[in-house]
Amino acid sequence: AHYQSMSARFRAAYPTICEFVKRVHLVVQRHRDPDFHENLTMTDWGLACTLFMSHACIGQSSSARMYKAEATAIIIELVGHHRLGKYSNPIEMQLRKKAFWIMVAAHMWVYLLITH
């Protein structure tokens, strides 16, 4: 219902939510540098996690698995339990920990989605 209430211009460009997710996927892939995975940030994790959940919601399970793996790898690298003591900024440390638990919840959500 929310998607259908978008502006007429938006609906004309993307008649279905699936078309919108595909377009976002193309834009993201087009703007990634070759060294994208060398300088990871919370924004990179957020983007991968959002794409993972959006692909899962529209039923594209292979793409969802790919982004889930990427989001998981990014958050494991960012959280780095072996490095938590090295962060001087407690806000950054808490953000990374919360992102880790969001990924745990997302894994459980997808498992329930697939098995039921």
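In this predicted model, helix H2 meets helix H3 through Val21, Val24, His25 and Val28 on the H2 side, and through Leu47, Leu51, Ser54 and His55 on the H3 side. The residues of this contact comprise five nonpolar, three polar and no charged. The protein as a whole contains five helices and zero strands, and 30% of its 116 residues count as buried.

**Packing of H2 and H3**

- Two packed helices are described by the angle between their axes and the distance between the axes.
- Helix H2 spans residues 17–30 and helix H3 spans residues 42–57; the angle between them is about 150 degrees, and their axes lie 11 Å apart.
- Angles over 145 degrees count as roughly antiparallel, and H2 and H3 are therefore roughly antiparallel to each other.
- The crossing in which H2 passes H3 is left-handed.

**Nonpolar cores**

- In soluble globular proteins, nonpolar side chains tend to be buried together.
- The largest nonpolar core of this model consists of eleven residues: Leu40, Trp45, Ala48, Cys49, Ala71, Ile74, Ile75, Leu78, Val79, Ala99 and Met103.
- At least two residues of this core come from each of H3, helix H4 (61–79) and helix H5 (90–115).
- The greatest contribution to this core is that of H4, which gives five residues.
- A second, separate core has seven residues, among them Leu51, Ala56, Ala64 and Ala106.
- Leu51, a member of this second core, is also one of the H3 residues that meet H2.
- Within the largest core, which includes Ala71, this residue touches Trp45, Ala48, Cys49 and Met103, not counting residues up to four places away in sequence.

**Ala73 in helix H4**

- Ala73 is located in helix H4.
- His37 and Ala73 are separated by 36 residues in sequence, while their C-alpha atoms are 9.9 Å apart in space.

**Overall organisation**

- Read from the N terminus on, the order of elements in the protein is α-α-α-α-α.
- Among the contacts in the protein with a separation of 6 or more, 55% are between residues 24 or more positions apart.

Notes:
Residues are numbered from 1 along each chain as its sequence is written. This is a predicted model: local features need pLDDT of at least 70, side-chain atom pairs count only at pLDDT 80 or more; totals for chains, interfaces and linings use all residues. Side-chain values use heavy atoms; hydrogens and water are left out. Axes are lines fitted to C-alpha atoms, for helices over the stretch in contact, and angles run from 0 to 180 degrees between N-to-C directions. Helices (H or I, at least four residues) and strands (E, at least two) are DSSP runs, numbered from the N terminus. Angles under 35 degrees count as roughly parallel, over 145 as roughly antiparallel, 65 to 115 as roughly perpendicular and the rest as oblique. A crossing is left-handed if the near helix is turned anticlockwise from the far one by less than a right angle, and right-handed if clockwise. Contact means heavy atoms within 4.5 Å. Ala, Val, Leu, Ile, Met, Phe, Trp, Tyr, Cys and Pro count as nonpolar, Asp, Glu, Lys and Arg as charged, and the others, Gly among them, as polar. A nonpolar core is a set of buried Ala, Val, Leu, Ile, Met, Phe, Trp, Tyr and Cys residues joined through side-chain atoms within 4.5 Å. Buried means under 20% relative accessible area, exposed over 50%, partly exposed in between (1.4 Å probe, protein chains only).
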